[in-house]
Amino acid sequence: MSKDIYQHFSVEDIPFIDKGLEWIRQVEEHYAPILTPFINPHQVFILKTLGNHHGIQVFSSNDFVPSEYSRVLLAPDYFIPTDLADFEMELLEIVYSSKFDQLTHSKILGTVLNRLGIDRKLFGDILVTESRAQIIVDQKFTSLFQDGIQKIARLPVKLEVISFEELVEAESDYQEKEVLVPSMRLDAFLSNVLKLSRSQTADLLERKYVQVNYHLVEKSDYQVKLGDLVSVRRFGRIILLKENGQTKKDKKKITVQLLLSK
């Protein structure tokens, strides 16, 4: 395929596009499906775009069970996944006593990454409600999770395999907000949406706390575009929903969707 595909995506996407093209080559060569690790929605979109170009089918586990991170099957024309089992995932309930403390998404994520020292690609969503917590994992590593995690933030826990029919809906509290920004530079955008000083925003970028569409961004002059998902560690997520023109003083009027960290 020509290099035209790269023009449709950002330079940060190139390593993943190359990986996707390699997977597609393997599907074509062996005429057999390939199952990816857990990937984010932006990467799923890239694979669907590549699949369309090559006549390769692209199925996401998200078609069977709603989740943010999903596993994808790249497949030749004869193959159609029949159920969720084809995606080789398991749902683990993190059993703990919620009367002593409440588990949070960040506590669970920190424990999984630091205690197990594993790659983010081996597990999907972490779902948390007031009294329950769950994690979706690559089934080959279920016992690693179960054996390796007995405590989260000093709370004794036990990880039990349960049916995907028991998947909880993570509690989210999105709010829409109208904001005035002097420009669509990332630092100006964050300062005005999160009500931070420029130096606080610069500090977040310097600490590598900011991602746009799941990519780490450190440049303050990065231009935020319509539909971008901006994630800021410790603050939450912002989606740029609408641009609503300009004020008389040339400030841009925008609508954002905020999901603030609890």
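## Two helices that cross

Helix axes are lines fitted to C-alpha atoms over the stretch in contact, and their angles run from 0 to 180 degrees between N-to-C directions. In this predicted model, the axes of H6 and H7 cross at roughly 120° and come within 9 Å. The crossing of H6 past H7 is right-handed.

Five residues of H6 take part in the contact: Leu-186, Asp-187, Ala-188, Leu-190 and Ser-191. They meet Arg-198, Thr-201 and Leu-205 of H7. By type, the residues of this contact are four nonpolar, two polar and two charged.

## The nonpolar cores

The largest nonpolar core holds 24 residues. Leu-186, Phe-189, Leu-190, Val-230, Ile-238 and Val-256 have the most contacts inside it. Helices H6 (186–194) and H7 (198–206) each give two or more residues to this core. So do strands E10 (174–181), E11 (210–212), E13 (229–232), E14 (236–246) and E15 (252–260). H6 supplies the largest share, five residues.

Val-256 touches Phe-189, Val-193 and Ile-238, among others. Its partners also include Gln-175, Glu-176 and Lys-177. Another core, of 21 residues, lies apart from the largest one. Leu-92, Ile-126, Ile-135 and Ile-149 are among its members.

## Two tyrosines with positive phi

Tyr-31 is not a glycine, yet its phi is positive, about 50°. Tyr-31 sits in the loop between helix H2 (14–30) and strand E1 (34–35). Its relative accessibility is 45%, so Tyr-31 counts as partly exposed.

Tyr-214 also has a positive phi, near 75°. Its place is the loop between E11 and strand E12 (215–216). Tyr-214 counts as buried because its relative accessibility is 16%, and buried means under 20%.

Conventions:
Residues are numbered from 1 along each chain as its sequence is written. This is a predicted model: local features need pLDDT of at least 70, side-chain atom pairs count only at pLDDT 80 or more; totals for chains, interfaces and linings use all residues. Side-chain values use heavy atoms; hydrogens and water are left out. A nonpolar core is a set of buried Ala, Val, Leu, Ile, Met, Phe, Trp, Tyr and Cys residues joined through side-chain atoms within 4.5 Å. Buried means under 20% relative accessible area, exposed over 50%, partly exposed in between (1.4 Å probe, protein chains only). Helices (H or I, at least four residues) and strands (E, at least two) are DSSP runs, numbered from the N terminus. Contact means heavy atoms within 4.5 Å. A crossing is left-handed if the near helix is turned anticlockwise from the far one by less than a right angle, and right-handed if clockwise. Ala, Val, Leu, Ile, Met, Phe, Trp, Tyr, Cys and Pro count as nonpolar, Asp, Glu, Lys and Arg as charged, and the others, Gly among them, as polar. Lists of a residue's contacts leave out its neighbours within four places in sequence.
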